[in-house]
Amino acid sequence: MTRYAVEIENVTKRFGKVVAVNNVTLRIKENEFFSLLGPSGCGKTTTLRIIAGLETPDTGVVRLRGVDVTNVPTHKRNIGMVFQHLALFPHMNVYDNIAFGLRMRHVPENEIKERVKRILEIVRLPGFESRRINQLSGGQQQRVALARALVIEPDVLLLDEPLGALDLKIRQHMMVELKRIQREVGTTFIYVTHDQNEAMVMSDRLAVMRNGVIQQVAPPHEIYMKPANMFVASFIGEAINFFEGVYKGNGEFETKEGVIFKVADDPQLINKKTVIAIRPERFQISDKPPEGIPNTIKGTIEITVFKGSSIEYRVKTPINDNVIVFVPNISPTMKIFNPGDTVYISWSVEAGVLLPYEEKIELETIPVRR
Amino acid sequence: MKLTDLFLKVYFYIMLALVYFPIAILILFSFNESRSKLAFTGFTIENYISLINDRAVWVSFYNSIWIAIVVVIISIFLGLMLAYAIVRYNPKGKDIIDTLMLIPIIIPEIIEALTLLVFFLILGIPLSPATIIIGHAAFDIPLAYIIIKARLVGYDPQYEEAARTLGADEIQTLFRVTLPMLMPGILAAAFMTFVWSYDDFIKTFFTKPIGFNTLPVYLWTKLSRRGFSLDVNALCTFIIVISILFTYIRMKIIQE
């Protein structure tokens with residue numbers, strides 16, 4: 001039997017009338033880098049705060065390393081947390097900030113000294129003990145906050161959008177650093193973010209949340225290639241195309257215009273309103289009808305954007321008047337289509353994912369509370 | 001361009017002069033040899049010697065100080081608790097409380113003093129140092145509240161949550177994180193309320209028992225009994241110096 005670092009079972013939390021977290025169940029393995037991803041207001045931060053004990057769930061159970069901690073106060077759970085605004089104590093220097101948790105645990109001062117030194121080496125800030133917090137750059141403060149949370153050797157480290165305030169460059173660097181530090185200390189990380197890029201780059205697995213409900217839990221590549229629904233498909237990745245219609249069974253999908261496309265069979269969706277979801281890079285584009293590819297539509301190029309490593313086309317077709325197509329820039333002699341050109345876009349059976357149709361996919365919701 | 005610069009300079013010095021010239025004159029004349037209010041005839045420190053020999057000065061000084069200290073403790077304790085609760089928990093009636101706290105500061109002091117006196121008379125409470133303290137505190141609590149609350153705006157409860165996740169219980173969080181972080185506001189409020197209580201004349205005059213003087217009240221009795229004298233100048237200078245000293249210490253602490 002696998003022992004999980006963190007388990008939450010059927011957890012629900014309401015703020016007034018709003019259900020912030022709706023019957024969420026998650027099992028996070030030891031040493032896993034796990035992300036909770038979703039638009040603001042989806043309940044990811046509340047879920048994290050419930051694990052930390054900063055919010056009490058209305059119903060459900062929280063377990064840390066198999067022990068039920070649902071009613072254990074925050075300071076008695078062995079957790080580390082990095083806050084969105086870091087919350088480094090401004091009236092203490094770096095050393096006292098990092099030593100805080102160890103002093104609360106009555107660790108002898110000479111051992112504290114050793115451990116602070118070691119953790120500062122791990123976060124690559126050796127010798128920073130006597131610096132004041134306001135003398136540090138954003139990235140350095142980030143590392144101190146990490147060190148402070150990690151030095152107590154927590155069962156799990158909770159991170160609440162800690163990179164949000166950093167510049168793009170430093171953020172990208174810190175993503176790699178976080179991953180390195182996680183491997184070096186071998187601690188379970190639970191990382192909350194609304195930035196899919198952060199979640200995709202760092203996570204072993206991630207959970208996509210929406211309106212308090214978990215949509216899908218899977219490794220990044222699976223989330224990208226086999227999204228569970230239209231929301232996940234649209235939220236993850238740069239872009240996605242949807243073709244609306246009805247699945248007729250036998251691998252045949254009929255659009256409202258009566259065109260038949262081939263898809264992988266899904267018996268559960270027979271005779272239901274569905275969509276085929278296709279990533280822009282899964283298409284092939286050509287000026288003549290291709291042979292041996294089951295699905296083809298004729299269209300007209302509306303926009304051509306040369307992006308360097310790829311070319312983005314917007315194609316008007318009878319079925320969807322804004323099909324996004326990415327073509328990798330694989331050869332200096334490749335043909336570049338211009339607006340007005342007639343093209344054929346085609347895709348294989350595996351390129352399309354059949355998903356139940358949803359009326360409204362709101363990628364932004366109003367935050368429940370800060 | 002030049003002209004505006006000049007104008008601003010002159011304007012600045014006129015303003016400074018208006019504020020500090022009377023005080024400077026008073027301090028200067030406290031060293032005056034003759035009783036004249038108009039002419040400086042010669043330098044002496046006699047006025048200060050007679051001040052030092054006046055036992056009543058020391059008694060009233062002592063009264064002023066200990067009353068101010070008690071007032072500071074009460075005002076800070078209650079003002080801090082109220083300000084913290086309002087900022088941290090953001091309750092519904094907070095705008096009403098803000099207004100209620102502002103009223104004592106904006107109404108004329110003579111009216112405050114009268115209401116206090118009437119209040120004590122109606123309740124049959126005999127006037128004592130305690131009534132002075134209640135009188136001062138009733139109007140210094142709002143002051144402490146306003147100063148501390150101004151410092152608290154933007155205080156992030158994440159600091160307390162961070163302490164909790166690091167293993168600190170409520171009490172440890174209070175003493176190691178919350179209070180140290182609020183200390184600048186607390187100190188600013190403490191010095192302001194101290195100076196307000198120490199400087200106060202009207203409320204003290206209305207709520208004091210007979211024969212009990214604070215320094216400003218003693219100054220008044222001296223003036224009303226014997227008219228203007230040179231040691232009054234010296235006494236004023238003494239009171240001013242103490243006030244300035246406190247303001248200076250406060251500034252130094254805030255700079256730290």
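These legends walk you through several close-up views of a predicted model. Residues are numbered from 1 along each chain as its sequence is written, while chains are lettered from A and ligands numbered from 1 in the order in which they are written. Because the model is predicted, local features need pLDDT of at least 70 and side-chain atom pairs count only at pLDDT 80 or more, whereas totals for chains, interfaces and linings use all residues.

**View 1**
Let us start with pLDDT, the predictor's confidence in each residue, from 0 to 100. Chain B has a mean pLDDT of 87, with 97% of its residues at 70 or more. Within chain B, helix α7 (residues 158-165) has the highest confidence, at 94, and helix α11 (residues 230-255) the lowest, at a mean of 80. Helices (H or I, at least four residues) and strands (E, at least two) are DSSP runs, numbered from the N terminus. For the complex, the predictor gives an ipTM of 0.83 and a pTM of 0.81.

**View 2**
Look for strand β3 (residues 33-37) of chain A, where 5 of 5 residues are buried; a residue is buried if 20 or more other C-beta atoms lie within 10 Å of its own, exposed if 12 or fewer, and partly exposed in between, with C-beta atoms placed from the backbone. In a regular strand the side chains alternate between the two faces of the sheet. Here Phe33(A), Ser35(A) and Leu37(A) point one way, and Phe34(A) and Leu36(A) the other way. Two strands pair if DSSP finds at least two bridges between them. β3(A) pairs in the parallel sense with strand β8 (residues 188-193) of chain A over 5 bridges, and Leu36(A) has Val192(A) as its bridge partner there. β3(A) also pairs in the parallel sense with strand β9 (residues 205-210) of chain A, over 4 bridges, and Leu37(A) stands opposite Val208(A) in β9(A).

**View 3. An open sheet in chain A.**
This sheet of 4 strands has the order β2-β1-β4-β5 (chain A), with antiparallel pairing. At its edges are β2 (18-29) and β5 (67-68) of chain A, each pairing on one side only. Strands β1 (residues 4-15) and β4 (residues 59-64) of chain A run antiparallel and are joined by 5 bridges; Glu9(A) has Val61(A) as its bridge partner in β4(A).

**View 4. The largest nonpolar core.**
A nonpolar core is a set of buried Ala, Val, Leu, Ile, Met, Phe, Trp, Tyr and Cys residues joined through C-beta atoms within 7 Å. The largest has 106 residues, and Leu158(A) and Ile190(A) are among those that touch the most other members. Helix α4 (residues 138-150) of chain A gives the most to this core, with 6 residues.

**View 5. Where chains A and B touch.**
Two residues are in contact if their C-beta atoms, placed from the backbone, lie within 7 Å. The contact takes 15 residues from chain B and 18 residues from chain A. On the side of chain B that touches chain A, α7(B) gives the most, with 6 residues. By class, this side of chain B has 7 nonpolar, 4 polar and 4 charged residues; Ala, Val, Leu, Ile, Met, Phe, Trp, Tyr, Cys and Pro count as nonpolar, Asp, Glu, Lys and Arg as charged, and the others, Gly among them, as polar.
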